[in-house]
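Here is a short note to read beside the model. Please keep the structure open as you go through the points.

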Amino acid sequence: MTHASGDGTALERARNAAADGAWAEAYEGYLAAREETGGLGPAELAEFAGVAYAAGHLDVTIETWERLHEQLARVGEDNGAAGAAVRVAMHLLFDTALMAPVRGWLRRAERLLDPAAETPAHAWFAAVRTYERFLSGDLDAARDWAERAIGAGSHTDPAAAALGRVAQARLVILDGDVERGLELLDDAGTAAMSGDLDALSTGVVYCELVCALQGLAQYDLAEQWTEAMERWARTNAIGSLHGRCRVHRAEILRLRGQCAGAEQQVLLACDELRPYLRRELGWPLTELGRIRLRRGDLSGAEEALLAAHRLGWDPEPGLSLVRLAARDIDTADASIREALARPLPVPSKELPPTTGLRRAPLLDAQVRIALARGDVNTARDAARELAEVAVRFESSALAAAAVRARGEVLLAEGDATAASELFADAVRAWSELGAPYERAECRLRLADAHGVLGNLRAQALERETARAELERIARAPTADEQPPGTPEPNAFVREGDYWKVVLDDRRVTVRDSKGMHHLARLLAAPGREFHVLDLAAADSEDPEAATRLSRAGDLGPLLDDRAKDMYRRRLAEIEEDIEEARADNDIARCEQTELEREFLIGELARAVGLGGRDRRAGAASERARAAVTQAVRKAIGRLREAAPELADHLDRTIRTGTYCAYVPDPRVPSPWSV
């Protein structure tokens, strides 16, 4: 076999395209170079893995690093082989949330690493091991590995050190030293802004930092760093980072009461993250459930949360709150008790397992549900623990939630005077935090307290104010809410039954259609290729059909032989991890790994059908290609009637076929806010 050495024609084109950020073109270029030369050498394989990730091919990324690991191990390049194994573990960790395969690949790397040496592979091994332990709830071990990542990375690879510092900051916070932890987080974020790290590492630092602040309910700081991440992401983000940034933005918009915009962002995030995330797709789906619950869309909230649960994610406390809103109080009570007594060991980056921060939202929900059943004792205990968590983590938002919870208990106990004072305090606290939904909830409870006290005028005022706020949050925003005389930013935004398209302060309004939905998804991710089945699935009215379509690949089996082989390799790694956990009598690890096995078996069964037979998607793919192409061209035609120049731009830059993409000049940032 010959290997690519030097810059052959195809390889040179691929590298030039990658330098310009034209990831789809670069990906095709590396495939052509592989065919042209008969194979890629170690350096080119590492380059190709990075390009495949940026272009949306996570499975190819992991497979390429696996191939490089095998190639280097065969020739005795132990350190290089260990580094490739660590990269496999890193992508499995950050993009699949499957801890057992991560541990398997880290074991391979550890066997190859010279304990007396200090190389970038050692630093990255320590960084990935830090997060594996952190997300598995083993905080003591995570502290040790974070120190090693910082130490080794400081001498060999700043990116690994940066990740170690973010983890260390989060562990300091969980130890109760919040002020010091926030200082360390700020230092880590500032280092990311310096531009010294590669794009993937920079994005991961930003994302982990915002996850830490969201989990701590430090919403003002989370918003500031989300804005910084968004500015960086416009021209630098690769892989899953665009979608992750959207989820963080959706969380902030939900808090600020802009739920229509939040829902749009999280739906786009789900589309963008689908090529990358597996089980962790439950993260944006649970956020979608929270948003829809606030908008009063109980069936939509339930659908999103159940979809997250099917992916092996923890839908609580959202699902219990949906049951409460539907007045199914007994089911809500049973599920929230189960969630608190036996929490799922899901590796959430925002709310790591075995921490008070994971319990806080569950406790808040339990207060509401217990009081709905008349169980004051349970509510009192939950409110007390919530207050303790708020004090421990010095969180104004958690403190406001705890004050409201205490007021709820006092009102149920008959002390309406004390309760009204606490509700008024909670209203002020949520106002200062810029959280109108929570403020409105507290106003409603304040109205109830006034009613008990006979203050009927105050009761009516608080109730009317709260209901107006909740109605505003639930409905979609309109153009009339824009400040007068403010130039409109470029946008491609749905508003009810119409889409508002603004470019260079020129507005076009077009009736809603599937083609406009497809255009929005393409414009939101310049250069990203979307399979037509993914586009079609996002707008299917049949959730089960949508799930089936979204899992379809190219023409042929829903999972090709390579994909099925990868699933089975992951399952083998999981089985190995279960055996080791049982041998060590590690019950928590065994439970976590068994959940991962259940998820993967379900994925594989849905893809290949009963008895292991392939379920084919050829006809569905061809139908979707024709339908998506027709819908997109029809939408562009409607835009042409009002804005010919805009339609000409879309004609030049929108590519349709089995794979669709928006392909503007890669050197010019996309003008669209979608």
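1. Start at Leu185. Beyond its neighbours within four places in sequence, Leu185 is in contact (heavy atoms within 4.5 Å) with Val166, Ala169, Arg170, Ile173, Leu209, Ala212 and Leu213.

2. A caution on the source. This is a predicted model, where local features need pLDDT of at least 70, side-chain atom pairs count only at pLDDT 80 or more, and totals for chains, interfaces and linings use all residues. Residues are numbered from 1 along each chain as its sequence is written, and side-chain values use heavy atoms, leaving out hydrogens and water.

3. Leu185 and Trp430 have the most contacts inside the largest nonpolar core, which has 173 residues. Such a core is a set of buried Ala, Val, Leu, Ile, Met, Phe, Trp, Tyr and Cys residues joined through side-chain atoms within 4.5 Å. Buried means under 20% relative accessible area, exposed over 50%, and partly exposed in between, with a 1.4 Å probe and protein chains only.

4. How many aromatic pairs does the structure hold? There are eight. Rings of Phe, Tyr and Trp (its six-membered ring) pair if their centres lie within 6.5 Å; planes under 30 degrees apart are stacked, over 60 edge-to-face, and the rest tilted. Tyr131 and Phe134 make an edge-to-face pair, 6.4 Å centre to centre with 90° between the planes. Both lie in helix H7 (residues 120-135), three residues apart, about one turn of the helix. Helices are DSSP runs (H or I, at least four residues), numbered from the N terminus. Tyr131 is buried, at 1% relative accessible area. Phe134 is buried too, at 2%.

5. Tyr206 and Trp225 form a tilted pair, 6.3 Å centre to centre and 50° between the planes. Tyr206 is in helix H11 (residues 199-215) and Trp225 in helix H12 (residues 219-236), so the pair ties together parts 19 residues apart in sequence. Both Tyr206 and Trp225 are buried.

6. Two arginines sit over rings. Arg87 lies over the face of Trp124, 4.5 Å from the ring centre. The test requires NZ of Lys or CZ of Arg within 6 Å of the ring centre and within 35 degrees of the ring normal.

7. Just after H23, Gly454 takes a positive phi of about 85°.

Terms used. Helix = DSSP H or I, 4+ residues; strand = E, 2+ residues; numbered from the N terminus.
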